[in-house]
Amino acid sequence: MSVPLLKIGAVLSTMAMVTNWMSQTLPSLVGLNGTTVSRGGTSERIVSALYPSPEEGWQIYSSAQDADGKCICTVVAPAQNMCNRDPRSRQLRQLMEKVQNITQSMELLDLRTNRDLQYVKNTESLMKAVDVKLKTASDNPRSLNPKSLQELKDKVTQLLPLLPVLEQYKTDARQISRVREEVRNLSLVLMAIQEEMGAYDYEELRHRVLLLETRLHSCMQKLGCGKLTGVSNPITIRASGSRFGSWMTDTMIPSSDNRVWSMDGYFKGRRVLEYRTLNDFMKGQNFVQHLLPHPWAGTGHVVYNGSLYYNKYQSNIIIKYHFRSRSVLVQRSLSGAGYNNTFPYSWGGSSDIDLMADENGLWAVYTTIPNAGNIVISRLEPQSLEVLQTWDTGFPKRSAGESFMICSTLYVTNSHLAGAKIYFAYYTNSSSYEYTDIPFHNQYSHISMMDYNPRERVLYTWNNGHQVLYNVTLFQVVKTAGD
């Protein structure tokens with residue numbers, strides 16, 4: 001049994017290492033899950049490249065022809081990534097769960113055995129005394145008077161609790177036999193999988209995962225923009241900081257850069273923490289500190305292409321701070337924009353100016369006195385912070401809980417408290433709006449920051465001292481060369 005057990009340890013260690021590595025290097029998989037796609041023309045080749053057949057996970061909802069005669073198919077991307085659908089990985093995951101169950105059973109058996117063994121040890125002296133009296137009575141029956149007989153009966157009575165202990169030993173012995181058989185079966189299966197996977201070393205697996213990540217990002221780039229149709233359940237990443245704050249990743253940098261920035265509080269703050277990876281942020285380790293030259297106001301900050309864009313405290317000035325050079329590259333006043341809680345979201349917090357980025361660039365969401373407190377959207381030039389174009393949505397900002405941009409569309413929530421939903425959308429491409437009814441679970445009942453990241457296609461939120469992610473479901477159209 002020793003050799004198979006050693007092989008179990010080797011395989012599980014390898015798989016755990018690969019699994020951990022995959023979880024750190026494939027953040028983009030979170031953003032692709034549950035995305036709805038409309039496919040036309042020859043774009044079906046994307047499906048063939050990533051997912052060879054419908055059995056691999058793609059589900060076709062419907063098909064039809066458009067006005068030009070092109071075939072339109074509506075499909076839903078699989079909810080699990082490629083690695084999870086690998087039969088060997090699925091089998092290994094099931095085996096690892098079995099090993100975990102066996103480990104728990106062994107721990108329970110060990111606990112009971114130690115407890116019962118201690119009881120047996122405590123009664124050892126009593127058993128010896130009974131044995132001596134029995135031998136004496138056997139050698140000299142006349143010495144067994146009523147008093148000594150009663151003492152012997154009393155000692156035997158004290159030994160009666162040993163009977164259920166012995167019965168438990170019998171039960172545990174049968175369970176150990178079953179566990180031994182299960183371990184033997186696991187060892188055989190794991191050895192077979194190990195032989196099958198023997199051709200792949202860790203570096204090759206790493207290369208294959210990187211290739212998969214590249215293909216996924218390529219596919220996501222071709223998906224183009226879409227309309228928000230759903231928000232997933234919340235994924236709590238960490239509980240840290242005060243009730244209000246913001247956290248984010250860069251919306252423009254390559255996927256290999258997984259830095260996370262955190263800014264606690266909503267006014268007068270100057271301290272920005274930069275974590276190396278999301279995993280480091282979750283653990284609160286491996287970070288550097290940036291001390292901003294000017295304090296911030298609100299929580300509507302955004303990291304875009306290596307720079308932090310934020311609203312300067314007690315002003316309508318937007319500052320572009322470059323992380324690498326640790327310097328302010330440009331600052332510009334957002335003409336007429338309210339500040340210092342003149343036109344905040346419903347939760348207050350100096351949230352007058354909300355900066356955000358999506359697939360189409362950098363945006364500022366705010367309001368002015370001439371606009372009577374209604375939300376104004378301005379598209380900004382990232383280098384100069386010059387306003388390129390402005391839209392008046394007609395929606396009162398004080399009635400909004402939070403807002404975010406996806407594909408040049410502003411989505412607004414009706415509250416920052418529990419029971420909130422996304423119920424207003426303004427389309428800058430057509431200068432039109434509609435009321436929506438997209439629910440989402442406000443788990444911690446007080447959202448003070450909600451921003452979309454187009455690179456990962458997820459919503460980042462700061463919810464009552466918790467840092468939370470939401471996947472989004474977008475109805476998207478793949479652009480082809482013939483379109």
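This is a predicted model: local features need pLDDT of at least 70, side-chain atom pairs count only at pLDDT 80 or more; totals for chains, interfaces and linings use all residues.
Local features require a pLDDT of at least 70, side-chain atom pairs count only at pLDDT 80 or more, and totals for chains, interfaces and linings use all residues. Residues are numbered from 1 along each chain as its sequence is written, and side-chain values rest on heavy atoms, without hydrogens and water.

A search of the whole structure finds 3 cavities of 30 Å³ or more. A cavity is a set of points, on a 1 Å grid over the protein atoms alone, where a 1.4 Å probe fits but cannot get out, and its lining residues have an atom within 4 Å of a point. The largest cavity has a volume of about 100 Å³, a volume being the space filled by probe spheres set on the points, which are joined across faces, edges and corners.

This largest cavity is lined by 14 residues, and Met248, Thr251, Val302, Asp451 and Tyr452 lie nearest its centre. Two or more lining residues come from each of strand 6 (245–248), strand 10 (302–304), strand 14 (354–358) and strand 22 (447–453). Strands are DSSP runs of E of at least two residues, numbered from the N terminus. Strand 22 gives the largest share, 4 residues.

Backbone geometry is the next topic. Most residues other than glycine have a negative phi. Gln314, in the loop between strand 11 (307–311) and strand 12 (317–322), has a positive phi near 55 degrees. Cys407, in the loop between strand 18 (403–406) and strand 19 (409–413), likewise has a positive phi near 55 degrees.

With a relative accessibility of 47%, Gln314 is partly exposed, whereas Cys407, at 6%, is buried. Buried means under 20% relative accessible area, exposed over 50%, and partly exposed in between, for a 1.4 Å probe and protein chains only.

Note on methods. On a 1 Å grid over the protein atoms alone, a cavity is a set of points where a 1.4 Å probe fits but cannot get out, and a pocket is an open set with protein on both sides within 12 Å along at least five of seven lines; lining residues have an atom within 4 Å of a point.
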